[in-house]
Amino acid sequence: MILSWKTGGVLLGAVFFAAVLLIKPVGVSTQFVIFDGILWDAVDDTVVVENKDSKSGYASSNAYLNKSGGKYAKNVANPWNYSFVFVLAMMGGAAVSAMMRGGVPAAERTMPPVWRANYGDAPWKRHLAAFAAGFIVLYGARLAGGCTSGHMMSGAMQTSLSAYIFMAGAFLAAIPLAIILYPKEA
Amino acid sequence: MTTIVLAIVIGAAFGFMLDRVGATNPGVIIGMLRLSNLHLMKTIMLAIGTASVLLFMGLMLDLVDPGHLDVKDAYWGVFVGGLLLGAGFAIAGYCPGTGLAAAATGRWDGLVFSLGGLAGAAAYMASYADVKATGLLEPLMGGKAALGTLGGTKYPAVFAGVPGEWLGLVLGIGFVIVAVALPDRLRGPMGREAPGGPTA
């Protein structure tokens with residue numbers, strides 16, 4: 001059961017507001033870096049180390065994890081923090097909602113109808129495209145310093161200049177490309 | 001401890017709502033981006049507007065702590081990164097949050113997208129020093145700029161002297177008006193619902 005734009009918009013807006021009222025605005029994409037850092041540190045425990053001279057108390061041999069006084073390094077070392085648990089809970093919330101509406105139909109689990117209409121139903125094609133898209137989306141999100149949640153939703157809510165710069169870039173690329181890539185509606 | 005409880009409650013509510021507004025469905029996202037199904041665009045514009053109005057009223061009434069605001073840095077990389085994100089968003093119909101949420105609802109392409117995302121984030125970590133050397137990360141307008149001046153914060157203002165709370169309230173109402181004014185679709189057979197109803 002998908003909500004009308006009026007109900008859905010007001011309720012989703014209430015969640016954005018609750019987040020900033022109680023703690024801080026919503027955001028997701030940083031946690032891809034934190035998860036990568038956790039995996040990397042599990043394989044090589046010299047990646048993130050305690051360091052009393054750093055502002056966060058942690059340092060990393062990786063320049064990105066080490067930036068801003070090692071704040072990402074600290075989150076890699078202590079993943080049970082607000083932002084990481086927030087993303088895990090987001091996945092849980094989405095799973096519960098999907099279960100309550102009877103789950104995603106089997107035919108849609110590999111690809112949406114609009115993909116099938118334009119590119120056929122070979123799963124490998126969809127998966128290849130999804131993997132490559134995931135790569136450029138997260139590379140772009142980290143370059144931008146945030147994604148659709150942090151920049152677009154939270155940023156526009158707060159009148160951040162960066163939100164408008166981000167939205168200009170994102171829609172300038174996304175709308176023409178979607179029109180070109182998907183000539184058939186479904 | 002309290003912060004972890006808040007993370008669970010707010011995170012779960014966010015994920016639940018993403019699914020309920022159709023954002024975990026890549027067909028809905030692609031329909032929005034190819035302008036043939038603007039239901040989700042209306043929903044998100046209304047959500048941003050509602051949150052903005054509540055936030056700035058809350059700030060004016062001292063119900064919201066300005067220290068909770070988190071304005072991000074502005075720099076040219078935000079635009080370039082936005083272009084990249086937009087391209088992938090159009091190809092897959094997922095963004096970082098909805099890809100993970102979709103994977104959790106049982107969509108395999110959402111899982112594959114998220115794995116690609118982990119690889120992309122790792123590539124950024126590896127290339128960060130080189131990206132920084134290009135100058136793309138140099139702050140614009142003093143860095144963490146908001147459009148107006150926000151009381152109780154040190155964020156620089158793009159329009160110095162304009163009270164940021166009132167500007168935020170006006171822009172919030174503007175987002176609501178855009179949400180109401182947007183038609184159901186801009187392309188495809190007008191008056192006909194997108195296949196599978198307004199949200200498929």
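# Two chains in a predicted model

The secondary structure of chain A comes to eight helices and two strands. The model is predicted.

User: In what order do the helices and strands of chain A follow one another along the sequence?

Analyst: Chain A has eight helices and two strands. Read along the sequence, the pattern is α-α-β-β-α-α-α-α-α-α.

User: What share of the residues in chain A is buried?

Analyst: The C-alpha atoms of chain A fill a box of roughly 55 × 40 × 35 Å along the principal axes. Among contacts in chain A with a separation of 6 or more, 46% join residues 24 or more positions apart. Chain A has 186 residues, and the buried share is 56%.

User: How many residues of helix α7 of chain A are buried?

Analyst: Helix α7 of chain A covers residues 148–157 and is mostly covered. Its buried residues include A:Thr148, A:His151, A:Met153 and A:Met157.

User: Where in chain B is B:Leu35 found?

Analyst: B:Leu35 has a positive phi near 65 degrees and is a residue other than glycine. Its relative accessibility is 19%, which is under the 20% cut-off, so B:Leu35 counts as buried. Its place is the loop between α2 and α3 of chain B.

User: How many residues does each chain bring to the contact between chain B and chain A?

Analyst: The area buried between the two chains is about 10,100 Å². Carbon and sulfur atoms give 76% of that area. The contact takes 114 residues from chain A and 117 residues from chain B.

User: Which residue of chain A forms a salt bridge with B:Asp109?

Analyst: Between chain B and chain A there are four salt bridges. In the one formed by B:Asp109, the closest N and O atoms are 2.8 Å apart. That distance is within the 4 Å cut-off for a salt bridge. The partner is A:Arg126.

User: Which element gives the most residues to the side of chain B that touches chain A?

Analyst: There are 32 residue pairs in polar contact between the chains. Elements giving two or more residues to this side of chain B include α1 (2–20), α4 (76–92) and α6 (108–133). With 20 residues, the one that gives the most is α6(B).

User: How many nonpolar residues are on the side of chain B that touches chain A?

Analyst: Sorted by class, this side of chain B has twelve charged residues. The polar class has 28. The nonpolar count is 77.

User: Which residues does A:Ser162 touch, leaving out those up to four places away in sequence?

Analyst: A:Ser162 lies in helix α8 of chain A. Its relative accessible area is 1%, so A:Ser162 counts as buried. A polar atom of its side chain lies 3.3 Å from the backbone oxygen of B:Lys72. The residues it touches are A:His151, B:Lys72, B:Asp73, B:Ala74 and B:Val78.

User: Is A:Cys147 buried or exposed?

Analyst: The whole structure has zero disulfides over all chains. A:Cys147 is in none, and its nearest cysteine sulfur is that of B:Cys95. B:Cys95 has a relative accessible area of 5% and is buried. At 1% relative accessibility, A:Cys147 counts as buried.

Key. Residues are numbered from 1 along each chain as its sequence is written. Chains are lettered from A and ligands numbered from 1 in the order in which they are written. This is a predicted model: local features need pLDDT of at least 70, side-chain atom pairs count only at pLDDT 80 or more; totals for chains, interfaces and linings use all residues. Side-chain values use heavy atoms; hydrogens and water are left out. Contact means heavy atoms within 4.5 Å. Buried area is the accessible area (1.4 Å probe) that two parts lose on being put together, summed over both. A salt bridge is a side-chain nitrogen of Lys or Arg within 4 Å of a carboxyl oxygen of Asp or Glu. A polar contact is a pair of N or O atoms within 3.5 Å; within protein, one must be able to donate a hydrogen and the other to accept it, and residues adjacent in sequence count only if both atoms are side-chain atoms. Helices (H or I, at least four residues) and strands (E, at least two) are DSSP runs, numbered from the N terminus. Ala, Val, Leu, Ile, Met, Phe, Trp, Tyr, Cys and Pro count as nonpolar, Asp, Glu, Lys and Arg as charged, and the others, Gly among them, as polar. A disulfide is a pair of cysteine sulfur atoms within 2.5 Å. Buried means under 20% relative accessible area, exposed over 50%, partly exposed in between (1.4 Å probe, protein chains only).
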